[in-house]
Amino acid sequence: MAGTSSESESLLLRIRQLERERDDLHKDIEQLSGLEQEIETLKGELSAYKTENENLQEELSEAYRMKSQMADLHRAEVTKNLDAERQLKFFQGCIAVAFAERDQSIMEAEKAKEKEDIMFQKFNDMEKRMEGLNLECIEQKKLLDQLQIDLTKQREYNEMFQKVVGKFYQIRQQSFPDFEDESLDNKCLRLLEDSGDAWSYNDKSTFKYIVPIKPRPVDPILTCNLDISKFVAQRSYFGFSASTGTSIELKSVLRWNLAVEVLPDGKGLGIGLTVALCIGGAILAALLIGSFILEFSFKDLKRASDDFNEKNKLGHGGFGVVYRGVLPDEERTEIAVKRFLRNDMKSKDDFLAELVIINQLCHKHLVGLYGWCHENGSLLLVYEYMPSCACSNCH
Ligand SMILES: Nc1ncnc2c1ncn2[C@@H]1O[C@H](COP(=O)(O)OP(=O)(O)OP(=O)(O)O)[C@@H](O)[C@H]1O
């Protein structure tokens, strides 16, 4: 009996052990089936992974292909970049040169602008000068025209003068057979050397023209105060006429005098107008008729020039000395007094020539003649004073 219980116990133990093993196996089987499922799942996953792997492989090879394409592109781009860089450097160089050239051009443009400004200024100056010269030209043209007119007049006077000289020379030839036909200059010289005394009633050639006259009486033979304003116009001309019937005679006016108290243009110098000639003949008198030059008294001219003071001396010409003076009129008119140095016949001729010629010429470039004086053996001409007169030919 004891043996049977131990065997049962060992069997029980064995059974229990087997049951435990069975349980363990069950567990293992459960675990196995779980593992199998897991394996199936893993297989599925694996095949999915494979597929995915294949896809990835494809993608990878695509990516490699793309990478190599990108590398190609990159290389091409790098090459391009290098070219571009070279070009950039080249262009940078060009730009630097262009900037330098631009700066140079700007500097040159500024210089050119300065030059242009200077040229413009010069051009303006030149234009102004041209305008001035044009005006001067016009003035000169006018002056020339006036001088042409004066010249024509002068020629006419010359012709007249030649005829007069010729006539006088012819008359004198009757008394002096040695008066041959000469040049005009020589004729003039001979006539000028011909003394005035030779022109007398006793002379063969001049007696026809000269009537012996008694010395001038101290008292006038006829004197009468006449107010001629009732008979003559404000502006009138004066002249002489004489008649001796049918015979022809040369009448010589030795002196005439005219006093006008009111000057027509209101230019009263406080001295009154007196024109008197005591040296020349009728021709000279006729040339002065109608002019408005004044006879000045020596006293007035002496006072005006401060007794011909050396400090008033303006200059010295061929005939005499010129002094500055001031007239005692309201405007304190400034004058230039030319005092003829010699008092011989030649000087008188010069005096009369200047008086007659200047009196006939009226031009803005010629200094105006105010009047004259012949007193105490002095011959004087009175001119308008020219403050800036430095030329020797202002008359
Ligand atoms: N009206 C004037 N106003 C200012 N100065 C004058 C005037 N007239 C003459 N003068 C001055 O006196 C100087 C002498 O003048 P004047 O007329 O006597 O001689 P000229 O003209 O030089 O020569 P010529 O005797 O041959 O006429 C001139 O050079 C000038 O300086």
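In these legends, a residue is called buried when its relative accessible area is under 20%, exposed when it is over 50%, and partly exposed in between (1.4 Å probe, protein chains only). The model is predicted, so local features need pLDDT of at least 70 and side-chain atom pairs count only at pLDDT 80 or more, whereas totals for chains, interfaces and linings use all residues. Residues are numbered from 1 along each chain as its sequence is written, and side-chain values use heavy atoms, with hydrogens and water left out.

**View 1. The chain as a whole holds 5 helices and 8 strands.** Helices (H or I, at least four residues) and strands (E, at least two) are DSSP runs, numbered from the N terminus, and read from that end the elements follow the order α-α-β-β-α-β-α-β-β-β-α-β-β. Of the 395 residues in the chain, 19% are buried. The chain exposes about 30,100 Å², of which carbon and sulfur atoms supply 57%, the areas coming from the Shrake-Rupley method with a 1.4 Å probe.

**View 2. E334 and R324 are joined by a salt bridge.** The term stands for a side-chain nitrogen of Lys or Arg within 4 Å of a carboxyl oxygen of Asp or Glu, and in this pair the closest N and O atoms are 2.6 Å apart. The bridge links distant parts of the chain, with E334 in strand β6 (residues 334–340) and R324 in strand β5 (residues 320–326), 10 residues apart. E334 counts as partly exposed because its relative accessibility is 32%, and R324 is likewise partly exposed, at 26%.

**View 3. Within helix α1, E139 pairs with K142.** The two residues lie 3 residues apart, about one turn of the helix, and the closest N and O atoms of their salt bridge are 3.9 Å apart. E139 is partly exposed at 31% relative accessibility, and K142 is also partly exposed, with a relative accessible area of 46%.

**View 4. The side chains of R22 and D23 form a salt bridge.** Here the N to O distance is 3.0 Å; R22 is partly exposed, at 43% relative accessible area, as is D23, at 35%. A search of the whole structure finds 14 salt bridges.

**View 5. E52, E54, E58 and E59 form a negative surface patch.** Such patches are made of residues with over 30% relative accessible area and no salt bridge, like charges being joined within 9 Å and nonpolar side chains (Val, Leu, Ile, Met, Phe, Trp, Tyr) within 5 Å. E54 is located in helix α1 (residues 2–175), and E54 counts as exposed because its relative accessibility is 52%.

Notes
Lys, Arg positive; Asp, Glu negative; His and termini not counted. Charge placed at Lys NZ, Arg CZ, Asp CG, Glu CD.
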